[in-house]
Amino acid sequence: MSTIELAEGQVCFHDLNLPTELCRALEQSGYEHPTEIQAKTIPPLLTGRDVLGQAQTGTGKTAAFALPLLSRLDVQLPETQVLVLTPTRELAIQVSESFLKYGQHLRGLRVTPIYGGSSYATQISALRRGSHVVVGTPGRIMDHMRESRLRIDMLQCLVLDEADEMLRMGFVEDVEWILQQTPENRQIALFSATMPDPIRRIADQHLKNPSVVTVASKQRTADTIQQRFLIVDPKHKLEALQRILEAEATDGVIVFVKTKIATVEVADQLKALGYSAVALNGDIPQAQRERTIDQLKEGTINLLVATDVAARGLDVQRISHVINYDLPADAEAYVHRVGRTGRAGRVGQAILFLSPKQRGALRELDKAAGQGIEPMTIPTSKEINALRETRFKERIAVACADAKTASFRGEQFRHFEKLVSQCAEEHELSVLQVAAGLAMLAQGDRPFFVSEAADRPPARERDDRGSKRERKRGAREGMVDLGDEIGADMESFRVEVGRIHGVKPGNLVGAVANEIGLDSRHIGPIRIHHDFSTIDLPSGMPREVFKVLGRAWVVGRQLRISKVSDQPRRIKPMYGPKGSKKRKA
Ligand code: AMP
């Protein structure tokens, strides 16, 4: 993730010849100047030229293609003119929201996100009504195209967003197929953070004299984000989190945990402590997840406890803090998590919890961040108590000041003054005693001060070696992100697509990853047979997951997944970052 870097020489959006409707929307979004990728990409895309862009998310890439494509759109024509392919449903939603935001003053504009895991019926009726811009994951887009529900004969531009990620998820053949169906004169914009050979081949084969745009990212995380780590014993993480939330000036906060179960557990623990915390994980229905994110945006909720998958691509500008409550699976995940704060050039805080034995992970994360992750300590009871005293006094002072400005409050305030004075006189108390009595009433049974006895000595490496078994578990914690509910045991499943249907292992990995949000590292060996295939998945996944998978379409056929054996076996996952070579074989 790189900083929002503005174009050199402070170009204005007006200099880029964008229609006034779009400039108005940009003003309302608070964008003053184009970012580097926008300044370099908007002019060639406006003239209809192909673009090959090397840029990461966080650079303003979405607006870089959405703005020129919206400028060239004919909203009177009820045909799909822009098709954007994205590797994940989260990105599909985010990109469609951006199109709608930038195109809010284009009357009649219709944008439809299409992705696995959401209802076909809604997508079909949106497509039937006619959609100017369609944004989606390759598998679902292909299904709709094969059934002629999505027609692209009038397509002006195809955007391939995060092409390297689509390659990693096994979508390249689907992308090639879609490319072949597009009209000959369409424009193509291909964006990728890296340019591996298969992506370069697609570019060479399908892009005509493209304008090549590269935005160098000097560092992976924005320098407006202060990054700190805290060595904390796993038993005391909740308490440390509570103290941090109290001590720091927070707005929206995302607490990242490793498993779906942990999202619910930690959210419940925080709720019990009086915070408005909500869990966000892949098991929660899409509509509810979207509602939660809207509430976070509006400020109805302040604390989100999320897994990496559920928070992928999340773009909420009021996130002041990212707490890495559980260690991220790898450096990539760390960089992504940290990038959820400090959005659009704002200041952000990222705090990483490490158990003493996880300290070794710091070096790699430090390197990935490209800037120092500084040590911090848990706020002491003395600091917390001093803060509570200051806030207590401030709140009273604010209430008194407010009473002077609002007339209704002023009246009530004078009434209370009279009551306090009467109370002092009738009960032979000083006004000071009455005020203290009122504070006691307001505080209730909860202690006002944190006891100093609750301060824990800072966790030290040698104090906390743990048992051999715990150590082994700890080592795994840092490496593999296996959910609590999904164990290391794998089970074999049969899907009704095979060699004769043209399926490749990558199609199945992509479908499973997208339909149920399972990280590809949890997917075991895939065997392609004549007219069916088998795939190994972690045992113990909820039944609903298989319902969704069974209905999913791959290479034009439904998977109709069924269990092969009832005997769980212990097999190492093959796919994901560490086994990605095997997938090619
Ligand atoms: P993206 O790389 O498209 O994911 O954009 C990253 C973030 O930058 C999003 O929060 C955008 O809303 C924001 N953004 C994009 N362009 C600009 C701009 N020109 N000025 C300020 N913020 C921007």
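Domain bounds here come from an automatic or database domain assignment. Keep that in mind for each domain range below.

This is a predicted model: local features need pLDDT of at least 70, side-chain atom pairs count only at pLDDT 80 or more, and totals for chains, interfaces and linings use all residues. Residues are numbered from 1 along each chain as its sequence is written, and side-chain values use heavy atoms, with hydrogens and water left out.

**Stop 1: the sheet with E1 to E7**

Select strands E1 to E7. They form an open sheet in the order E3-E4-E2-E5-E6-E1-E7, with parallel pairing. Strands (E, at least two residues) and helices (H or I, at least four) are DSSP runs, numbered from the N terminus. Two strands pair if DSSP finds at least two bridges between them.

Go to the edges. E3 (111-114) and E7 (211-214) each have a single partner strand, so one side of each is left without a neighbour in the sheet. From one strand to the next, the twist averages 10 degrees.

Now pick E5 (157-160) and E6 (187-192). Four parallel bridges join them. Leu160 stands opposite Leu190 in E6. Contact means heavy atoms within 4.5 Å. Axes are lines fitted to C-alpha atoms, for helices over the stretch in contact, and angles run from 0 to 180 degrees between N-to-C directions.

**Stop 2: a cavity between domains**

The structure holds five cavities of 30 Å³ or more. On a 1 Å grid over the protein atoms alone, a cavity is a set of points where a 1.4 Å probe fits but cannot get out; a pocket is an open set with protein on both sides within 12 Å along at least five of seven lines; lining residues have an atom within 4 Å of a point.

Select Gly139, Arg140, Phe171, Ala511 and Trp553. Of the 19 residues lining the second largest cavity, these are the closest to its centre. Its volume is about 160 Å³. A volume is the space filled by probe spheres set on the points, which are joined across faces, edges and corners. H6 (138-146), H19 (505-516) and E18 (553-554) each supply at least two lining residues. Domain 1 (2-215) and domain 4 (464-566) both contribute to the lining, so this cavity lies between them.

**Stop 3**

Select E8 to E14. This open sheet of seven strands runs E10-E11-E9-E12-E13-E8-E14, with parallel pairing. E10 (277-280) and E14 (374-375) stand at the edges, each with a single partner strand, so one side of each lacks a neighbour in the sheet.

E10 and E11 (303-306) pair over four parallel bridges. Ala277 has Leu303 in E11 as its bridge partner. Show helix H12 (286-298) next. H12 packs on the sheet, touching E10, E11 and E12 (319-324).

**Stop 4: a pocket between domains**

Select Phe392, Arg395, Ala442, Gln443 and Phe448. Among the 47 residues lining the second largest pocket, these lie nearest its centre. The pocket has a volume of about 2,000 Å³. H15 gives the largest share of the lining, 10 residues. Domain 2 (225-379) and domain 3 (382-452) both give lining residues, so the second largest pocket lies between them.
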